[in-house]
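Me: I would like to learn how to read a sheet and a helix pair in a model. Please take me through one case.

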Amino acid sequence: MTDTQSAAVRNPFATVGHIVHGEAHVGRTGPLEVLRERVLAQQTAGATAIIGPPRIGKSSLAYHLFMRPETRRDHPRLLPVWINVRVRGSAHRLFRQLVEDVWDLLCERSPEVDARLGRAYERAVAADLDWAELQGEAQEFLRLVRRRDWRVVLVLDEFDAAREAFKSQPGAFQALREIAYNVDCNIGLVTTSRRELREIVDMADPAESTFPGIFRSIFLTCFDAAELAALIDRLPADGPHETLAGRLGELTGGHPYLASVLLERICATCRDGVPPPPEEIETLTGPMPPEFQYYYRDLEELLRADGRLRALLEIVLGPQLTVTPNDALHLLQRGLLRVRDDSYRAFSDHFHEYLALLSRDVADWDNWMTVERGLRDLIERGFEDRYGPDWPRELRRTRPKLVTMLDQCEEKMAREVNSFGSRASTRLLDFTYPRDLYDLMASHWDIFGRVLKRDRNYWNERFSLLAKVRNPMVHNRMSVVTPMEQRKFQLYCDEIREVLGAASP
């Protein structure tokens, strides 16, 4: 075995981030069967869209099924073409590349190509063709290919780029629809995208609304427990797989790319083929690899561009002010949400924590967050005036009953700093809850009572209700909160905002 081969065996995750295929491709049994049945098994191929968040395995799924040599061996009349829409840049270039690639494959697979097909190819790649002429010539070429009993499969990777690339050439979607839907041409058309096809078409040319109608959509989400276990089984030696599966599930939610990033780090530390013990694995997952940060930012940008970031924040963190059931269904279908204990959570515990961090940067996104920030500012000013910048230490000394709560806040802050580095909050009060805020103020009523204007019993009642409502709000379980309690929650928030406004320096 060469050194290169040995390294590959030692760390099967060394090329994480690249397309995964062959023996390295695990799971996705259901989607693979749907694709195989629609595109390869039928006499007439069906158009299929593979949809999912970034790096969920869309391109790997398509490549694994259609582009490997094994597929051509099993389907000797197959001509698979792979085109990255972002790279091609226009429908004109895309169609020309399709014709050229099909021709090259034909020449490789069948050295004797008849003259009529050769002439059709020459016409389709002529340099002076305009867009309308190219459509016609390409369709004629593909029609002749189909009549000779060849099956063309066209995989359009990164199809989201079509929303810009196809704007300059009217009829681009219709041209694709024609070569897929027309039984005389009938290529097997497969797209990979982060968005649904209808959204992509609407961004580019709403008039071509019939294009998505011929597609069957396959939504890829995170691996389930069995698929994640299969991924872990690619480790080169026996190890704490069961323990590892639980921890990877928490950190990645079964996201194949994020899980592979961590497995690559674990593999790189194997000694004599033996993975490190569980306690060492924990050190490898903190701080998080930079790939996590990059991925979360990509996901955040995608959600912002689609106008769904606020919906996700409201669903997983509350309160639900503008979000609709359709928003929840959309995010659940795309694997960005999961249901746990009758409530919605982000796809992983770690991403859930990232969203909590992110919510602090979204200005005034709901009434409660405004109240919460205002109370934290008030408390921080009061303690700094009394004790100075090192007020947490003095508070521990003078109010021992608050030590446990302050320690818990510091633990949460340390975890966030460990996971998110410079983006994390280093403000202790950012990790408090409504009851914590009241207890802090009640411990120094001589400071805060002057601002709040009422006695402790009055505010104890209000903060008890705020604490009661906020928890179901965060966990999307507002059904357990009565309409009266919801109205009181909003009234109490308004009351506190008035008090804070009057006390502003």
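**The sheet and a helix pair**

Reply: This is a predicted model. Its open sheet of five strands has the order S2-S3-S4-S1-S5, with parallel pairing.

Me: Which strands stand at the edges, and why is one side of each left without a neighbour?

Reply: Strands of a sheet pair through backbone hydrogen bonds, either parallel or antiparallel. Here the edges are strand S2 (78-84) and strand S5 (215-219); each has a single partner strand, so one side of each has no neighbour in the sheet. From one strand to the next, the twist averages 15°.

Me: How many bridges join strand S1 to S5?

Reply: Strand S1 (residues 47-51) is joined to S5 by five bridges, and the two run parallel. In this pair, Ala47 stands opposite Phe215 in S5.

Me: Which strands does helix H6 lie across?

Reply: Helix H6 (residues 91-109) lies across S2 and strand S3 (151-157). H6 runs at about 145° to S2.

Me: At what angle do helix H20 and helix H26 pack?

Reply: Helix H20 (residues 367-387) and helix H26 (residues 483-503) pack at about 40°, and their axes are 10 Å apart. That angle makes H20 oblique to H26. The crossing of H20 and H26 is left-handed.

Me: Which residues of H20 and H26 meet?

Reply: On H20, the residues include Trp368, Val371, Leu375, Leu378 and Arg381. On H26, they include Phe489, Cys493, Asp494, Ile496, Arg497 and Leu500. The residues of the contact of H20 with H26 divide into nine nonpolar, four polar and three charged.

Notes. Residues numbered from 1 in each chain as written. Predicted model: local features only at pLDDT ≥ 70, side-chain atom pairs only at ≥ 80, totals over all residues. Heavy atoms only, no water. Pairing = 2+ DSSP bridges. Helix = DSSP H or I, 4+ residues; strand = E, 2+ residues; numbered from the N terminus. Axes fitted to C-alpha atoms, helices over the stretch in contact; angles between N-to-C directions. Contact = heavy atoms within 4.5 Å. Parallel < 35°, antiparallel > 145°, perpendicular 65-115°, else oblique. Left-handed = near helix turned anticlockwise from the far one by under 90°. Nonpolar A, V, L, I, M, F, W, Y, C, P; charged D, E, K, R; others polar.
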